[in-house]
Amino acid sequence: MTATVSAADSRPSESVTEKVSWLSFIILVAAQLVTIIDQATLQVSTDAMIAQLGADLPKVQFANATYAMIAAGGMLIGGFSGLLIGWHRQLQIGLVTLLSAFVLMALAPNMTVLIGVRVLVALGACLLIPSVLAHVAGLYHGAQRATAFAMLGAALGLTGVLIPVAAGMLIDIFGFSATYMVVAGYTALVLVASFKIAEMPKSEAAAKFDSIGALLGCGGMVLLIVGLLQAANWGVFKPLTDFAIFGLSPSLVLVCSGILLLAALLRWEPRFEAKYGSALLPKAFTSNPQVMKGFYVLALSAGALSGVMFVFIAYAQLVAGFSAMTTGLSIMIMAVTMVIASVLTPAKLGPMSIRKVIGACYLLLAMAAIALYFGMQVDGYNSLAFIALVLIGASCGPMVALAPVIVTSALAARDAQQSGGLQATMKNIGVGIFLAVLGTIMNLSITGEMQQRTEGHPQLSVSVEQALQTTASMPFASDEQLVDQWQAVVQTEDEMQVLVALNAEARLRSGRNTIMGFFILVLLGFPMLRMLPDRSLNPPEKA
C-alpha cells in the first residue's frame, strides 16, 4: 500500500500555521481525553469488577495490561498509517472504534468478554492517539508547539483530578456498566466535534506500508508483555503448572521470543527504509540519541504513573476498604500536583537544563517509592503514602511536558508528525512493563509470604496447612474474599481469624516488596541521564 507525502509535510506551512485556531487544539485535547477517561475509570473500578464481573486481582491486572499490550505494538502502525489515509480520517475512525468498544464494555457480562473488548479499545487508541499528536506537531510550530504540548499535559493531569472522582461516584451509585455508557456518550460528542478540526497539508511523495515490520513489532510486543504478565501464573523459569515448553516456563519462552522479534524489527527497518524511503521506525528516530532518550522518558513517566496507581488502588480498595469515589479523591492529590507541575514547566523550568530537570524528576520518583513503602500499613495507609502521591505528581508532570518536546525538537516536521505513534508506543511499553513486573511481584510475593507464614503454624490444622502449601498461586485478596475462598477448607471460626490475620501481614509484605520493585525500576533510569541534552527547554533566540 502506498501514499504520498508532500514537501509541506517536511516543513511548517505558513498558511496553515497562521489560520489554525486554538479551537482545533481544544477538540484535540478532548479527543486525547477519551482514552485517559477510559483508563482512569478502569483504574478505580477494581472493586466493582471483582463484585460485578467476578474478577480477581490477576484478571484486573490483565484487563489493565491488555490495552498496553496491544497498543504497544499497534501504535507503531498508527504512527505511520496516518501518512497513508490522512491524520484527520484516522482520528475519526479511532473515535468510532472506541465508541463501539465502550458500549460493548458496558454490556460485558463477565471478565472474559471485557478483556476481549479491551483489545478493541486498544485498537481504537492506536488510531486516535498518534493522530492527536500528529495534529499538534503539524499544526503548531516553535514556541506554539512547546506551549501546546505543555497544555496537553496539563489537560491530561486536570482530567486525572476530576475523572477518578466523578467515575468513582458514578460507579458507587450506578455501577460499572452505566459509567461506561457515560464514557461512550462523551466519545460520541467528541466525534461530532472532530469535524471542526483544521485540516493538515495533503501528502504527495510516495510512501509504502511496512507489513513485515508491523508483524514483527506487534508480535514482539504481545509476546513480551504476555510473558511478563503470566509469570506469576506460569512461573518465571521453572513452570508452576503442567503447561511447559521444553521443560521451561512458557513465560520465559514468550519473553525471549518477543525480544528476538523486536531485535529482528530493528534489523529489518533500515533495509526497508533504504529501499522504499519510509519505515515504521525511521532512521531519524533510531540514530538520534536525543529522540531515543526522549522515548525512554516517556516510557518511564507513563509506566511509573500506571504502575503506582495499580498498586496504590489495589491496596486501597482491598486492604483499606476505600470505595471507588474515595479512591478517586486520593488520586486527586497526585493529579493536582501533576497539573501544577505540567503548567509551570515551560515558564519556570524552561531556562533550566533538560538533563537536570529530568534528573530531579527521577530523584522525586525514588523518594516517592520510599515514602509509599513506609506509608503502607497492615490495615491501609498512613500519611506518608499521600506524600508519595504528591511526589509522583511533581515528578511525572515535568516529564509528561518535556518528553514530547525532547523528541519533536530533534526531528524534521514530517518525522515529528510520525513520531506520535512511537511516542504512544513507548508510553504503552512503559505501562505494560511496569504493570507486568509489579503485578508479577505482587502475585508471587503474596503466595510466598502466605506459605512462609502458615508453614508449621500451631493454630492451623494439618489439612489447612497442606492446602495452603500446595496452592501454586494465591490472589491478593481482601478479608472477605479470603473467607469466601477458604471457608470450605477451614473448619473453625478461630482458625479463619488466624488465617485472616496472617493474610493481612502477607499483604503488607507483598505490597512493600512490589514498591521495592518499583524503586529498582526507577533507579534504572539514572544512567540514561547523561545521554539527555544538557541545554534549556527554551534556548535564547539567535540574533
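A salt bridge here is a side-chain nitrogen of Lys or Arg within 4 Å of a carboxyl oxygen of Asp or Glu. By that definition, the structure holds four salt bridges. Before we look at them, keep in mind that this is a predicted model, in which local features need pLDDT of at least 70 and side-chain atom pairs count only at pLDDT 80 or more, while totals for chains, interfaces and linings use all residues. Residues are numbered from 1 along each chain as its sequence is written, and side-chain values use heavy atoms, with hydrogens and water left out.

Let's start with Asp38 and Arg118, whose closest N and O atoms are 2.7 Å apart in a salt bridge. Asp38 belongs to helix α2 (residues 22–43) and Arg118 to helix α6 (residues 111–139), so this pair ties together parts that are 80 residues apart in sequence. Helices are DSSP runs (H or I, at least four residues), numbered from the N terminus. Both partners are buried, a word that means under 20% relative accessible area, with exposed over 50% and partly exposed in between (1.4 Å probe, protein chains only). Asp38 has a relative accessibility of 0%, and Arg118 has a relative accessible area of 1%.

Next comes the salt bridge between Arg453 and Glu505, with the closest N and O atoms 3.5 Å apart. Arg453 lies in helix α17 and Glu505 in helix α20 (residues 493–523), so the pair connects parts that are 52 residues apart in sequence. Arg453 is partly exposed at 24%, and Glu505 is partly exposed at 39%. These two residues also join Glu449 in a network of salt bridges.

Arg507 is buried, with a relative accessible area of 3%, whereas Asp479 is partly exposed at 30%.

Back in helix α17 (residues 413–454), have a look at Thr454, which is buried at 0% relative accessibility. Its side chain reaches the backbone oxygen of Met450 at 2.8 Å. A polar contact of 3.2 Å also joins the side chains of Thr454 and Gln469. The term polar contact covers a pair of N or O atoms within 3.5 Å; within protein, one must be able to donate a hydrogen and the other to accept it, and residues adjacent in sequence count only if both atoms are side-chain atoms.

Now for the aromatic rings. Rings of Phe, Tyr and Trp (its six-membered ring) pair if their centres lie within 6.5 Å; planes under 30 degrees apart count as stacked, over 60 as edge-to-face and the rest as tilted. This rule gives 12 aromatic pairs. In one of them, the ring centres of Tyr373 and Phe374 are 5.0 Å apart and the planes stand at 75°, so the pair is edge-to-face. Tyr381 and Phe386 have ring centres 6.4 Å apart and planes at 70°, so they too are edge-to-face. Tyr381 and Phe386 belong to one aromatic cluster that also includes Phe312, Tyr315 and Phe476.

Tyr373 has one more neighbour to show you: Arg512 lies over the face of its ring, at 5.2 Å from the ring centre. A charge sits over a ring if NZ of Lys or CZ of Arg is within 6 Å of the ring centre and within 35 degrees of the ring normal.

Technical notes. Helix = DSSP H or I, 4+ residues; strand = E, 2+ residues; numbered from the N terminus.
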